[in-house]
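Biologist: I am new to reading protein models. Could you walk me through this one, feature by feature?

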Amino acid sequence: MTLWIDIDDLLHHLLHHSRPSGIQRVVFEIGSALRNLAGHNVQFVRRGPGATDARDFRTVDWTMVETVFREATNSSIKPGSSSVNAPPLTVQALEQVAPEDTLSAFLRTESRILKGLASLPRTFARLGLKSLQTRLDARRSRRPELPTFSEGTQLADVARPGDVFLTLGSPWHHASYSQTVRWLRDDLRLSYALLMYDLVPIRCPEWCNRGIITTFRAWHQDILPLADTLFAISHATAKDVRAYLAEQDIGTDIPVYPIPLGTGFGLSDGRMSAEALVHEPYVLFVSTIEARKNHALLFRVWRRMLEEMPAERVPTLVFAGREGWLVSDFMQQLENADWLNGKIRFIQNPTDEELRRLYADCSFTVFPSFFEGWGLPVTESLSMGRPCVVSNTTSIPEAGGPLGRYFSPYSLDEAYRVIRETIEDPEGLAAWTAKVRAEFRPVPWEDSARAILDLSLIHI
């Protein structure tokens, strides 16, 4: 029995964006763990180049995916830099250094299109090519070859009845996906499984872009009735999905299994920027700036602290991430307030090395989100040995557990009290930090993968 994993949206994101988002990172980590655990019993597929046929899925070489992903996450090129308009270095490099038998037609075609947008400086590009070739050769030399199918093999030619097709990512923009799933189930006789992250666009549409609300709702109404198995990244999400299935009369007989979610994305084991990004004491909030994440609450908390405390006793608040949707008014408010005279700072799109440095140097982290499917920044903070003051809604208490300190994201007074008490009690904060470092136990991504394999009846 084979587990076929759709990674089309992961590759699409890596080709068109400089850095992976949270969902893409989860797809990669679980995919990598699944392959390491089950070997050739796990295979990866994507849509054919320019595919308009909902049945055109082809195999992908996972070694190549790993190489692309590692280069993307390790690259120092970021939006906002002098190379902001350049395509990811990996796309240019892959076409020149990857063997024909492992580089799909899709990657070659799209890299040619993207190269027309801009070009990197020649010296930097040469360094990038050398780095990529070194990484690719090293990865292949230390891993024994696993039985696999030829790159670009049609799924229809190699899938067998009883296999499982798994969607780990977010291919919601494909309106024809329900046709794909019907073909998989009716013609190929595969089972279909789907990983659910959250139902934010359905439960809380006020925090989402209008387009994603419409697309998300329509996609899930079409796909969920076709699922044989649903996985969820938290108990809170699993409960929400079960309730939604009942509300929509989709079918309460579809099993929904929460799986343990791996901790972080290897920051604690990675390199760290040599230079500090912030030189004064600060509190860190890692997240895309969007309405749901509740940055506005922290703005009000910090403004109130500056009104009631000496400015030198108020640490800087650092936002680390990118600007998302529905925050143009809030960003204008920050500008109008001169970012509270510099007491709020925005570090855009930090690299993994910079993010590790930000965690290492901060006093503690905050995460006031209204609604989450899990709360990756919470477990990431704890894995980096940093206490986290977090909201008490949805799945976030699952992520923070007994090591978090909680407040209602709807209460300014409550958030203010917990955050100020933490700031004004350095001895208590030091003890809390020591407790986090001693007691937090990260969850390996293999635990996530093992749960999926066991529940999919894929034998390791």
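Predicted model: local features only at pLDDT ≥ 70, side-chain atom pairs only at ≥ 80, totals over all residues.

Modeller: Gladly! Residues are numbered from 1 along each chain as its sequence is written, and side-chain values use heavy atoms, leaving out hydrogens and water.

Biologist: How many bridges join β1 to β2?

Modeller: Strands of a sheet pair through backbone hydrogen bonds, either parallel or antiparallel. Here, 4 bridges link β1 (residues 3–6) with β2 (residues 42–47), and the two run parallel. Two strands pair if DSSP finds at least two bridges between them; helices (H or I, at least four residues) and strands (E, at least two) are DSSP runs, numbered from the N terminus.

Biologist: In what order do the strands of the open sheet lie?

Modeller: The 7 strands follow the order β3-β2-β1-β4-β5-β6-β7, with mixed pairing. At the edges are β3 (57–60) and β7 (256–258), each with a single partner strand, so one side of each has no neighbour in the sheet. From one strand to the next, the twist averages 30°.

Biologist: Which strands does helix α2 touch?

Modeller: Helix α2 (residues 22–38) packs on the sheet and touches β1, β2, β4 (164–167) and β5 (191–196). Contact means heavy atoms within 4.5 Å. The direction of α2 makes about 140° with that of β2, with axes fitted to C-alpha atoms and angles running from 0 to 180 degrees between N-to-C directions.

Biologist: Where does pLDDT stay under 50?

Modeller: pLDDT is the predictor's confidence in each residue, from 0 to 100. The protein's mean is 85, and 82% of its residues reach 70 or more. One stretch under 50 covers residues 77–133, for which the model has 83 contacts beyond four places in sequence. Another is residues 139–147, with 17 such contacts.

Biologist: Thank you! What should I look at again first?
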